[in-house]
Amino acid sequence: MMKSTIVAALLASASAFAPRSTAPRANAVALHAEEMSKSIPFLVKPDKLDGSLPGDMGFDPMRLSDIQADLKYARWGELKNGRIAMLATVGILVQQSGIHVPGEQFTNTDIFGAPSSVGFAANLQIFLFIAALELTTFYLHYGDGEPGDYGLDGGMLKKMTPEQVRYRKESEVVHARLGMIAFIGAITHTLLFGKAIPF
């Protein structure tokens, strides 16, 4: 019994090296070569990242787009966080360079200490402004609207060709991503060395 089991196992493993028949089978399924990602050439491009959204380079190593029902909603989040990160990064650099609004409470250059030094009223104003903006525009995140478009362009996009509009949108996405990386870098540098700017 043991010898026949060993012989069967050897025959089964040897069949892996036997030449395959080149004749197509009747029930064979045609396989198509999958397209590879532009950003990570050794990974397969996710199906939903088809290049229709500006700035789409097929970068999704964790395949989060597979579980995302609507990529436009995800793009809204990316643009919002990117815009905030760009503003925060510029704010950090300007504040730490010594430029600030007049008043003693605005001279604190510490990223983590500045919110407490301006006081409760200033922080409440910022919170209420963000809350009002979110409450009046949350419906734009769903449906057929363009991600990131609040209608505040002053008609500039209407004067551009579709290629120019796409270029501007791709530029914004790239800068938003860079802004998020810069913000995380500034926070990390502050935690490690005490300030975002090394001089």
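Select Arg-75 and display its surroundings: leaving out residues up to four places away in sequence, Arg-75 touches Leu-53, Pro-54, Gly-55, Asp-56, Pro-147, Val-173 and Arg-177. The model on display is predicted. Arg-75 belongs to helix α2, which covers residues 71-96. Its relative accessibility is 7%, and because buried means under 20%, Arg-75 counts as buried.

Next, select Ile-92, Ile-111, Ala-186, Ile-187 and Ala-196. These five residues make up the largest nonpolar core. Within this group, centre the view on Ile-111. Neighbours within four places in sequence aside, Ile-111 is in contact with the core residues Ile-92, Ala-186, Ile-187 and Ala-196, and also with Gln-96 and Thr-190.

Now turn to the surface and select Tyr-73, Phe-138, Tyr-139 and Tyr-142. Together they form a nonpolar patch there, with about 480 Å² of accessible area. Is Tyr-139 buried or exposed? Tyr-139 counts as exposed, because its relative accessibility is 52% and the cut-off for exposed is over 50%.

Finally, colour the model by pLDDT. The average for the protein is 81, and 83% of the residues score at least 70. Where pLDDT is low, the predicted coordinates should not be read in detail.

How values were computed:
Residues numbered from 1 in each chain as written. Predicted model: local features only at pLDDT ≥ 70, side-chain atom pairs only at ≥ 80, totals over all residues. Heavy atoms only, no water. Patch = residues over 30% accessible without salt bridge, like charges linked within 9 Å, V, L, I, M, F, W, Y side chains within 5 Å. Areas by Shrake-Rupley, 256 points an atom, 1.4 Å probe, with all protein chains shown as cover. Salt bridge = Lys/Arg side-chain N within 4 Å of Asp/Glu carboxyl O. Buried < 20%, exposed > 50% of the residue type's maximum accessible area, 1.4 Å probe, protein only. pLDDT = per-residue confidence, 0-100. Core = buried A, V, L, I, M, F, W, Y, C linked by side-chain atoms within 4.5 Å. Contact = heavy atoms within 4.5 Å. Helix = DSSP H or I, 4+ residues; strand = E, 2+ residues; numbered from the N terminus.
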